[in-house]
Structures are given as C-alpha cells and as structure tokens.
Amino acid sequence: MRLALRGGNTLERVALRANLVPTPAAEAWGGIAASGVLVAAVRTGVVARLASAPARTEEIARDLCLAQTPTRLLVDCLIASGHARRSRDGTVRLARRDRRWLDPESEVGVARFVNSCGDYFDWWRDLDRLIETGASVEHHERGPEDPYWRRYILGQLDLARLSAPEVARRLVLPENAGSVLDVGGGHGWYSATLCRRHPALTATVLDLPGSVRVGREVIEAAGLAHRVTFAEGDARYAEFPEGQDAVLCFNLLHHLTESEIPALLARAAKALKPGGTLAVLDAFADPPRPGRVWGRGRGRANAAATHLALFVRLTSGSTVYTPAELQSWLRGAGFDPARRVRSARIPGLALYQACKSW
Ligand SMILES: C[S@@+](CC[C@H](N)C(=O)[O-])C[C@H]1O[C@@H](n2cnc3c(N)ncnc32)[C@H](O)[C@@H]1O
C-alpha cells in the first residue's frame with residue numbers, strides 16, 4: 001500500500017508525480033487490505049505472539065493453531081507494511097516502533113482499539129445505503145449482552161489511556177471538588193484518573209447498560225470501585241444527579257443530534273453547583289482540505305476529522321460539530337464562554353471547559 005502510493009523506485013515515483021498511477025484504485029483496494037491485516041493479526045493473536053518473542057511463521061501457526069500458509073502470508077504482509085521484521089535466522093519479531101503500540105503489555109498499547117476496528121468493515125460496506133437513504137447503523141442500540149460492547153469500550157479505553165493523564169492535569173476543578181458526573185464515560189478511565197489526582201473526588205459514570213457492564217469491570221480491576229461508580233441511563237433523557245462540582249462530556253456529543261445536545265447541556269448545568277465546571281472533550285469539524293487519512297503529509301489530521309464526521313453519521317446518525325456550535329449551545333444553557341484547553345498530546349481532539357457562575 002505504502003509502495004503503491006509513494007512509489008518504490010525512481011520510475012514509480014516519477015509516474016506517481018505525473019499522475020500516471022491510478023491512485024484511487026490503490027486506495028480503494030489497499031485501505032481495507034491494510035486495515036484487515038492489522039485487525040486479523042491482533043484478533044488471531046499473531047501480534048501478541050510476535051511481541052512476546054521472535055518466532056518462525058511455522059511456529060506461530062502451530063502455537064496458535066492457525067492455518068500454515070495464510071499465517072505465513074499474513075506475517076509477510078506485516079513485514080511488507082513495516083509492522084514486523086524478519087531476522088537473518090528466519091525468525092520474525094514485532095518492529096521496534098510498533099512494540100509501544102501493539103504489544104499487549106504496553107501501557108500505551110492500542111491493540112484493543114485495532115481489534116474494535118474489525119467491527120467497522122460491515123458498517124463502511126453499507127455507506128452507500130446511508131448516502132442513498134440516510135439510514136445509519138445505530139451501533140449503540142445493540143443489546144447489553146452483545147460481545148460488541150466489550151470490543152468497543154476496551155478499544156476506547158486504549159485511546160483514553162493515552163490522553164487521560166494530560167486531561168486530568170489540565171482540567172481545572174473547583175477547589176476541594178468532591179463529585180464529578182461523567183456522562184457517556186464508558187470505561188470510566190477519565191474519572192479514575194481524575195480521582196487519582198484529586199483525593200477527595202468521587203465519580204459517577206452514566207452510560208448505556210452495555211458500556212456500564214464493561215466499565216465496572218475495568219474500574220474494579222483498577223481497584224477504584226469505591227471511588228468510581230456507575231449508573232445505567234440514556235444521556236438523552238436521564239435526570240442527572242445534582243450537586244456536582246464537575247460534569248464531563250467526553251466523546252459523547254458526536255453521537256448525539258443537534259436537537260438532543262442543548263437539552264443535555266441544560267441538564268448538565270442544572271446538575272452543577274454554582275462555580276461548577278463542564279468539560280467537553282471531542283473531535284470538532286474543520287472545513288475539508290486535501291490530504292490523506294493515513295500516510296505522511298499535511299492535511300492528514302484534517303482528512304481524519306472529515307472522515308470521522310461521515311463515520312459518526314454512518315454509525316450514530318449524528319456528526320462532529322464546530323467549536324462555534326458548541327459555544328452557542330453552552331451560552332444557551334447559561335454557561336460562561338468556554339475556554340479551549342490546548343494540548344499537543346491529543347491530536348484530533350479538543351478540550352473545552354465552561355464554568356457555571358450562577
Ligand atoms: C466514544 S465512547 C467515549 C467513552 C469515553 N467518554 C471516552 O471519551 O473515552 C462514547 C460513549 O458514549 C456512550 N453513549 C453513546 N450514546 C449514549 C447515550 N445516549 N446515553 C449514554 N451514553 C451514551 C457510549 O456507550 C460510550 O460509552
């Protein structure tokens with residue numbers, strides 16, 4: 001894929017620059033191939049095996065009870081795409097730069113997020129149906145026992161572990177803050193990180209039943225069940241418990257429609273004590289500029305945000321909103337103007353914090 005788009009030798013690079021290469025064909029074919037290889041390598045345990053010790057492909061297939069030839073072809077793809085290396089003795093290991101991201105032992109690993117991306121293939125396949133009819137997938141409507149929730153929420157946990165320490169550091173809570181309501185908090189990791197930083201704080205995570213089941217396990221395993229508790233509810237309609245010092249709305253607004261958000265923010269304002277703070281972490285819309293979602297170069301973050309807007313329309317019937325829309329909804333709910341908390345560590349996401357001064 002990288003070869004096809006960037007050109008492997010001088011001739012190919014010249015052809016690419018002269019627009020003699022059908023890059024749309026390479027993108028349509030290679031995008032899903034690159035994703036499929038990574039997802040399968042995680043789901044079958046090949047990535048974890050390569051992370052644990054170098055091995056020959058026959059050993060990997062034997063140890064994991066996989067089919068020999070497809071396993072060899074899969075590992076070849078990991079090598080070709082730079083995720084694994086073959087040594088002179090014929091053993092294969094995870095590439096050094098990927099250990100950080102794909103080793104299941106890594107504290108910043110995203111293998112569970114890669115795993116969850118396997119659920120997206122069917123959804124993207126139905127994109128033309130969305131465009132033709134406007135009908136979205138509505139993935140949050142699955143029953144709470146569906147194994148999908150575990151893949152989804154643990155994938156989100158992987159991403160949250162990357163940004164939670166910085167978010168907790170930068171979020172200014174009222175002095176002696178004792179309570180936080182984490183709306184759509186899923187795994188509860190942002191709440192847990194805030195509680196670790198503020199010893200007097202306890203958190204309530206309000207989320208759909210499928211997410212709550214997984215979140216409770218995550219928080220119990222972290223030994224924080226006495227500080228972070230869960231409540232099942234639909235954030236679009238639930239009454240929020242009052243007397244909160246802070247309300248978090250992290251990566252939730254892009255799952256809600258424009259008509260649902262103002263009412264939710266009004267309930268958040270009602271739940272807060274005077275002087276309390278509302279924090280919104282989300283991806284925000286950016287007018288589209290040319291760029292690619294993967295690979296190098298300027299415009300990649302913009303391309304990712306633009307594709308995310310379509311993805312959330314496909315999967316939740318909503319979209320990502322502009323900072324101006326957020327400010328206007330916050331004003332309508334009685335908040336002071338929100339300040340943007342800048343961060344270099346959480347590309348693609350922006351954190352806004354607004355105070356209830358009345
Ligand atoms: C993208 S995840 C974000 C999880 C977490 N806040 C974070 O930032 O990592 C979206 C979360 O919102 C929850 N959610 C979506 N729609 C909801 C609704 N109507 N009511 C309550 N929670 C909802 C999902 O279950 C999921 O936990």
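## Lys-270 and its partner

Lys-270 is partly exposed at 48% relative accessible area (buried means under 20%, exposed over 50%, partly exposed in between, with a 1.4 Å probe and protein chains only). Lys-270 forms a salt bridge with Glu-242, their closest N and O atoms being 3.2 Å apart (a salt bridge is a side-chain nitrogen of Lys or Arg within 4 Å of a carboxyl oxygen of Asp or Glu). Lys-270 sits in helix α14 (residues 261-271) and Glu-242 in the loop between β5 (228-232) and β6 (244-250), so the pair ties together parts 28 residues apart in sequence. Helices (H or I, at least four residues) and strands (E, at least two) are DSSP runs, numbered from the N terminus.

## About the model

This is a predicted model, in which local features need pLDDT of at least 70 and side-chain atom pairs count only at pLDDT 80 or more, while totals for chains, interfaces and linings use all residues. Residues are numbered from 1 along each chain as its sequence is written, and side-chain values use heavy atoms, leaving out hydrogens and water.

The structure holds 21 salt bridges. In one of them, Arg-151 pairs with Asp-119, with the closest N and O atoms 2.8 Å apart. Arg-151 belongs to helix α11 (residues 148-170) and Asp-119 to the loop between α8 (111-117) and α9 (120-125), so this pair ties together parts 32 residues apart in sequence. Arg-151 is partly exposed at 24%, whereas Asp-119 is buried at 12%.

Arg-49, Glu-59, Arg-62 and Asp-63 are linked in a network of salt bridges.
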